[in-house]
Amino acid sequence: MILTLIVLEIRLYYIQVISHPRYKKIADKQFISVRQSELRRGIIYDRNGNELAIESEANSVYAIPSSIANPGKTARKLALLLDLSEKEILKKLQTRNSFVWLRRKIDIETADKIKNLHIKGIKLISEGKRFYPENELASQVIGLAGLDNQGLSGIESSFDKFLTGKAEKTFRRKDGFGREVIAAGNDYGVEADGCNVVTTIDKVIQYIAEVELNRACEETKAKLGIIIVQDCQTGEILALANLPSFNGNSPSPEKYKYLDIPAVSNIFEPGSTFKAIVAAALLEENLVRLKDLFYCENGFYLSNGLPIRDHEADGWLTFVQVLEKSSNIGIAKAGQLLKKDTLYQYARDFGFGNYTGIRLPGETPGILKNPKDWSEISLSRLSFGQGIGVTAIQLVSAFSCLANRGVLMEPMVVKKIIDSRGEVIKEFNPYQVRRVISYKTAQTLTETLCQTVENGTGKEAKTVGYRVAGKTGTAQKFDPATAKYSETNYIASFAGYLPADRPRVTILVMIDEPQGFYWGGSVAAPVFSRVGLRVMQYLGVPPES
Amino acid sequence: MEKDKKGKIGKYYLPFLVGFLSIFISYVWESSEVITLSYRVNELKKELISLENRNCNLKVRLYRYINLANIDRIARQEKGMVFPRSEDILFLNTDFKDSKISSKKPTSISSKGFKRCLEKVAS
């Protein structure tokens, strides 16, 4: 009897003390569940609190191949509903895996239809899915989130770490039926839904810009188009429209072709719009006065052996007329008054050849060669916007600098980041990069640019009731195949701001490869006028006249 | 003698037993209550998630009707609405700030003046 008790006690000691860690591990496996929650991705708002990207519910279809009795019949039934080929589904159903995704994040209607089929081994699971309430609106700026809720482009990508939220692995006790139990020892970890991002985009202005850009691109059968509307005093981007764009809600893989934001990633030669920058440098350096005369060689001039042409055969023109008529010869001669280093420094100061800091993915600094690498013709060519590569965002910021009386502001697309409890965790304030030109020079140039719109090439940019200061641009595209400027492909642009006396917004319109008419003054300027008028009316800016 | 002994045991140990049992019962009762409530909390959590999801789905359906492109289409095509002419628009005196730039780093957004004006108009 005593011996039995001793044996029992030894056995108990072995189980309770020596084997304790092993049995605890087995018990924990049965009673503790490890999980990582799928957190809600933050919302993207426009500047007025309108939702531009929200989280919605979607169902994903998966299969347990071993449970499916007739894979052929099942594949046939599902093919139509899932928009996949029968062969593709059958291949998935015949794998040896215990679990296989058939289609992720399908719409509610399709999910209901699949549920009603009651196929054994075909299951649905609920997941979060990104939904873009305005479909195509600002699609490239907002960007796209992938199937696993990761940002792929636009703000979705550059602010991904804020939007995603924080989910640690957590440990919860469960009962014999697998139900979660609140108990001591539960580790709830850190779980925080994604933060919300408030952009500077104004949904209505964005819509105005996109409608007008669509119209312009349709009329001209252009390859690409960009319209940027910027608050010239703060640098906030109110609208950034790119065409072609995509609908983030569309299941079509076509959308992945257009994820880049051409306004920040595409480099183009600014053409005559750059004359405004050269004029700013000349006026600031007191190298020209508005009434100074330049001989424009009746439209043809050989500069260091290379021809420069004007679209009109003009003789003597004042500096104001050179800008009004957008004379390449006139500005090339004026530009040669500048030293290479000086022009380079002004271009740099206006933000060319450098990142603007807009916080959008894929931004390029453009191309602005060091003056040491410039040839003899560089100075004259650069004066009318050849031999320099700029992005649309750089060009609009440079014009905003003129509108802002000489102060360059950093362009911004995000105003603040708010956490899931509504607390502001990061605020982006307008930032003055530098003063580039004096107040006086900026005002003088604004008056000159107003003349360009009143009497010159930018006549069609006139906006009823508001004085516009702006400059047209018609840039021949460089053809890498022939290593020459193309005679058929152009970029038509217009950059300007209004109301000229107290500027509120700067607008850049850029139409790439318009068919038929290709002049900035006839293709881009009318678009500027339409957008400008509607933006002024929307912002409640009273007409000046 | 024996009765006295039993009486003494009853007198001293019975309250102890009752006390022990009541503590034991209240512990069991509390634990069972905690578990029952935790089931309820979990059920409510699931209900909340389901309601949030339903809310999201309703939002998605709502946005199909109220997105700008749809409103624009209905206004123009179905209701025959047109944009007003410039002369038909009456502008409020918005008293915008002059756009003179100071050398100080700006800290506020430009729409403040506009908001202030709207507040004035509203009051």
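User: Which strands does helix α9 of chain A lie across, and at what angle does it run to β12(A)?
Analyst: This is a predicted model. In it, helix α9 covers residues 203-220 of chain A. The helix lies across β11, β12 and β23 (505-512) of chain A. Its angle to β12(A) is about 30°.

User: Which strands does helix α17 of chain A touch, and what angle does its direction make with that of β21(A)?
Analyst: Helix α17, residues 439-455 of chain A, packs on the sheet. It touches β21 and β22 (484-498) of chain A. With the direction of β21(A), its own direction makes about 75°.

User: In what order do the five strands of the open sheet in chain A run, and which are the edge strands?
Analyst: The pairing in this open sheet is antiparallel. The order is β12-β11-β23-β22-β21 (chain A). An edge strand pairs on one side only. That leaves β12 (237-243) and β21 (469-479) of chain A.

User: By how much are neighbouring strands of this sheet turned against each other on average?
Analyst: Direction is ignored for this value.

User: Over how many bridges do β11 and β12(A) pair, and what is the bridge partner of A:Ile228?
Analyst: Strand β11 holds residues 224-231 of chain A. It pairs with β12(A) in the antiparallel sense, over six bridges. The partner of A:Ile228 sits in β12(A) and is A:Leu240.

User: Why is chain A described as more spread out than a compact globule?
Analyst: Chain A has 19 helices and 23 strands. For 545 residues the globule rule gives 24 Å, and chain A is well over that, so it is more spread out than a compact globule. Along the principal axes, its C-alpha atoms fill a box of roughly 125 × 50 × 50 Å. The radius of gyration is 31 Å.

User: What share of the residues in chain A is buried?
Analyst: The count runs over the 545 residues in chain A. Buried residues make up 48%.

User: Is A:Lys24 buried or exposed?
Analyst: A:Lys24 lies in helix α2 (residues 20-31) of chain A. Its C-alpha atom is separated by 81 Å from that of A:Glu460, 436 residues apart along the chain. There are 10 other C-beta atoms within 10 Å of A:Lys24, and the cut-off for this class is 12 or fewer. A:Lys24 is therefore exposed.

User: Which helix gives the most to the side of chain B that touches chain A?
Analyst: The contact takes 30 residues from chain B and 35 residues from chain A. On the chain B side, α1 (2-66) and α2 (68-78) each supply at least two residues. By class, that side has 16 nonpolar, 10 polar and four charged residues. The helix that gives the most, with 12 residues, is α1(B).

User: Where in chain A is confidence lowest, and where is it highest?
Analyst: Chain A averages a pLDDT of 90, and 97% of the residues score at least 70. Confidence is lowest in strand β1 (residues 32-35) of chain A, at a mean of 72. The highest, at 97, is in helix α16 (residues 392-403) of chain A.

Technical notes:
Residues numbered from 1 in each chain as written. Chains lettered and ligands numbered in written order. Predicted model: local features only at pLDDT ≥ 70, side-chain atom pairs only at ≥ 80, totals over all residues. Pairing = 2+ DSSP bridges. Helix = DSSP H or I, 4+ residues; strand = E, 2+ residues; numbered from the N terminus. Axes fitted to C-alpha atoms, helices over the stretch in contact; angles between N-to-C directions. Contact = placed C-beta atoms within 7 Å. pLDDT = per-residue confidence, 0-100. Rg over C-alpha atoms; globule rule 2.2 N^0.38 Å. Buried ≥ 20, exposed ≤ 12 C-beta atoms within 10 Å, placed from the backbone. Nonpolar A, V, L, I, M, F, W, Y, C, P; charged D, E, K, R; others polar.
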